[in-house]
Amino acid sequence: MKRCLYKCIAPLLCLSLLTGCSGGGIFTNYREVEELMIVQTMGFDLTPSKTAVSISGGGSSGEAKFTRMFTDAKSISGAEQKIQDYSAAEEIFYAHVNYIAMGWETAKEELAHCLDFIQRSPQMRMDTPLFVVSNGTAEELVLGSGNKEYDATNVLKSLERNLDARGDCRIFSAKEVVANLNKNGSALICAVKCVKASNALEDAKDELTALPDGYAVIKDKRMIGQISYEDALAVSLIQNEAGPCSITARTGSGNATVQLENCQCKIEPLMNGSELSGLKFDVKLSASLLEYDGRLDVKAAEASLQKQIETRLTNVLNMSKLTACDFLQLGGILEARHPFALAGMSKDFQTLLPDIYYIINVSTDINRSFDADLEGSP
Amino acid sequence: MSDFNFINNKKSSDGAEHIQPQPRFPEPISSETINNIFDGCSDFQTRSISPGLTRGEKIFVCWLDGTVDGTAVSQDILRPLTEFYRTGGDCSPEHLVNGAVYSSAAQMRSETDKLVSDITQGCAAVVFDSAKKAVTFEVRTANVRSITEPQLEKSLKGGKDGFVERLRINTALVRSRICNPSLKIKSTTLGRKSETRAAIMYVDGVADPAQIEELLRRLDAIDVDGVLATGNLEEYIVDHPRSPFPQLIHTERPDRFARQLLNGRVGLIVDGIPVAFLIPATFAEFMRVPQDESLHFSIASVLSIIRWLALILAVLLPAFYVAVAMYHQEMIPTKLLMSIIQSKKNVPFSTALEIIGMLISFELLQEASLRLPDPIAGTVSIIGALIVGQSAVEAKVISPIAVIVVAFAGISGYAQPSQDLGAALRIWRFVLVIAAVLWGLFGVAALMCLMVWMLCTMDNFGINYTSPMSDGRPRSLVRTFLRKPKPKDKYRDEELRTPDKRRQA
């Protein structure tokens, strides 16, 4: 009897997995893959009066053509619907959106709307990297990038790969941006600028390409400023995520270009009683020599590199201080590394930020590399 | 020559009495009775002789032509028999049994049933009408297939001999590996008409006595006309005959059979079937191959893991592909999805139809190859797989990805050591694909839960089918997938409940 009961209950429990499929629930998901148009890059240009959405996708290798579409409507969903209506045979599929770009004005005024849509959409992924187009609209990037053989997705993929390899500028995903905004109301989004590919590519005609342009600084879901691409390295240094990027340092009689090998940044809280009064940054860099011109003076190169890094760090920290915006997530870093130091403070880090001072110590070490004979060099 | 339990007092499983009267031949032994019984059997040979040319004294010698060796009958029975009586020997069955003839195995028979059974099993009988007794001599013909290398279970480093159709040769092959009187052989007959001899083999003190008794009981309950194929037997003695999963371990290798006996399993060999059976069977046992024992433990373990992965692929790959291609496209990596889209452009059939059609075609090709002689089977495979497959892809009737998925699942199925398990998985593969078509990954998950539940509830001779995986001990789980170094493998498999737990000091 007991066994018989189990035999009845167990299949029912298994079938309970299918309760969501009742009433044809699963069949609304049914679609044949060959009828899909895979959107890989999406651009949002939102103003209070108009919502423009641009997409690029389809295509891959071989005969497939890239599809680029643009429309405006009262809402993003409305624009999506309109795009679907314009699409002749294929179903526009947004679950594979790999990159989302936003126009400069959108980032300033309507970022909250964009982020809200990304979070709510059942198809969008939260780990999609976000970009802000610093010198125009997302439409320009999405529709103007590439040609018949490649599109904005390839351009942004290439950019992502290059930045990952160099480690001088990070690309933040929607998930990270939302998490940072929720944590302290500020975040960074990778900024890109659209330039004509013909500047460097001989075969290129009018197509655009994207170059890194630092970070868009977000506070309270609005863009309040920008960190230049040069200073973007300071963000990576503070977050101990700097990669093997190259820096050119002035040596007096010439230039020395070095590649970063190892970067460490220690942040120490400076306390005044139980209150945080300042932060001390100890940055240690080691780099290897890539090229030089003129007479190489390693000491001078190290001093120059040290000064450059100090300047970049100061610029970024000052911006954080002036805007009272902890986009560097310093509060989080301190909380993780010195939990007891911050425990007794009367104010939170964000409030203290305009009043705290910084001490920045940078030590650099340029190594000989590639068997270069530095002593005997001209 | 052993006494087989041919007097059939069996009851059917529902307890009804056997309708065959016992004894079958109640008449006393006589030449007339024997002649009547074998009337119409053209291979039944008789000879009436007067031993020592004594007038009035006649004995009756009979045998079935082809089953006995004619030379042995003449040289070992008739000739010494005649000479014995010429020298004035007493013409009685007792004298014959006590050594008047040269045959190594002689049995006195006073019941007609036993006599008839001996004759049908390949004995020559000397019938004494006056004494109403007979003496049977084992003079079976030597015309049997020679011992050859197993066809299905090949081994690089193991023994090259395989079981043949003769029961006694097979028991001898096992005996040659376990040269110890603790190897016990219990004999029985199966099949009302065929009277097939069967031997239950086990190592005394190692095998669980309860399992031996249970096997004997189940064999005794079989009441069929004949046991001529493995299926005739298997479905009668397993616990869950409706389950497609194999519940008896089959082997055609005496070394594997002997090793399993030493491990605590109980063996069954049936005359006429060149495959031996072992009980109890567990799912994990079907994933092992004899080759593992000959390989280094690390290599054997890696191969074992690959086989388990192949099992997962064989069962789930087509269903998973159908589910993600039809319902869950977001799960496919973008580049792969683009490739799939490209490959499916202009294909007129839906993903579901493609995969189900390909699976059916695959089964058809397999069946066609099995039924044909080897050279033609090869041609059919080439035509089917290469020409038809390639042409279908080029004609955009099916997509290359569907061919890849089905072929990969098929190859993974062939990686299974047990063909029976592979066949069961093929059935489940179809069921899972249909579930995927209907309910996507939710359906696949539900069906998988159901399958695992069914396997977990299956008992096999008192042992859970999913042991040792379901024992709840991490060590047992590891033992399922990996092989220990032999010096460290001191204990027999726990799930077999062997009285003697240790296999080495």
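**Entry 1: A:Thr251**

I began with A:Thr251, which counts as buried because its relative accessibility is 7%; buried means under 20% relative accessible area, exposed over 50%, and partly exposed in between (1.4 Å probe, protein chains only). This is a predicted model, where local features need pLDDT of at least 70 and side-chain atom pairs count only at pLDDT 80 or more, while totals for chains, interfaces and linings use all residues. Residues are numbered from 1 along each chain as its sequence is written, chains are lettered from A and ligands numbered from 1 in the order in which they are written, and side-chain values use heavy atoms, with hydrogens and water left out.

Where does A:Thr251 sit in chain A? I found A:Thr251 in the loop between β10 (246-250) and β11 (255-272). Helices (H or I, at least four residues) and strands (E, at least two) are DSSP runs, numbered from the N terminus.

Next I listed what A:Thr251 touches, leaving out residues up to four places away in sequence: A:Ala256, A:Arg295, A:Asp297, A:Ala300 and A:Ala301. Contact here means heavy atoms within 4.5 Å. I also checked A:Ala300 by C-alpha: A:Thr251 is 5.2 Å from it in space and 49 residues from it in sequence.

**Entry 2: chain A overall**

I counted twelve helices and 13 strands in chain A. Its C-alpha trace spans about 80 × 60 × 50 Å along the principal axes. Chain A has 378 residues, and 50% of them count as buried. Of the contacts in chain A with a separation of 6 or more, 68% come from residues 24 or more positions apart.

**Entry 3: nonpolar cores**

Which residues touch the most other members of the largest nonpolar core? I got A:Phe44, A:Ile55, A:Leu279, A:Phe281 and A:Leu330, in a core of 104 residues. For the record, a nonpolar core is a set of buried Ala, Val, Leu, Ile, Met, Phe, Trp, Tyr and Cys residues joined through side-chain atoms within 4.5 Å.

I followed up on A:Ile55. Not counting residues up to four places away in sequence, A:Ile55 touches, among others, A:Met37, A:Val39, A:Met42, A:Met69, A:Ile83, A:Tyr94 and A:Leu143. The list for A:Ile55 also includes A:Thr41, A:Thr67 and A:Arg68. Another core, of 70 residues, lies apart from that one, and B:Leu183, B:Met201, B:Ile249 and B:Ile340 are among its members.

**Entry 4: where A meets B**

I had 31 residues of chain A in contact with 34 residues of chain B. The two chains bury about 2,600 Å² between them, 66% of it on carbon and sulfur atoms. Buried area is the accessible area (1.4 Å probe) that two parts lose on being put together, summed over both.

How many salt bridges cross the interface of chain A and chain B? The rule finds two, a salt bridge being a side-chain nitrogen of Lys or Arg within 4 Å of a carboxyl oxygen of Asp or Glu. I looked up A:Glu34 and B:Lys344, whose side chains meet in a salt bridge at 3.7 Å, N to O.

On the side of chain A that touches chain B, α1 (2-15) and β1 (36-46) each supply at least two residues. The largest share, six residues, comes from α1(A). By class, I noted 16 nonpolar, seven polar and eight charged residues on that side. Ala, Val, Leu, Ile, Met, Phe, Trp, Tyr, Cys and Pro count as nonpolar, Asp, Glu, Lys and Arg as charged, and the others, Gly among them, as polar.

A search of the whole structure gave me 35 salt bridges over all chains. I picked out a few from chain B.

B:Asp239 pairs with B:Arg218, the closest N and O atoms being 2.9 Å apart. B:Asp239 lies in the loop between α7 (230-237) and β8 (249-251) and B:Arg218 in helix α6 (residues 209-221), so the pair ties together parts that are 21 residues apart in sequence. B:Asp239 is partly exposed at 30% relative accessibility, whereas B:Arg218 is buried at 12%.

The side chains of B:Arg288 and B:Asp493 meet in a salt bridge at 4.0 Å, N to O. Which parts of chain B does this pair tie together? B:Arg288 is in the loop between β10 (276-279) and α9 (291-294) and B:Asp493 in the segment after α16 (474-481), so the parts joined are 205 residues apart in sequence. Both residues also belong to a network of salt bridges that includes B:Arg265, B:Glu285, B:Arg479 and B:Glu495.

Last, I checked B:Glu363, which forms a salt bridge with B:Arg429. B:Glu363 and B:Arg429 are both buried.
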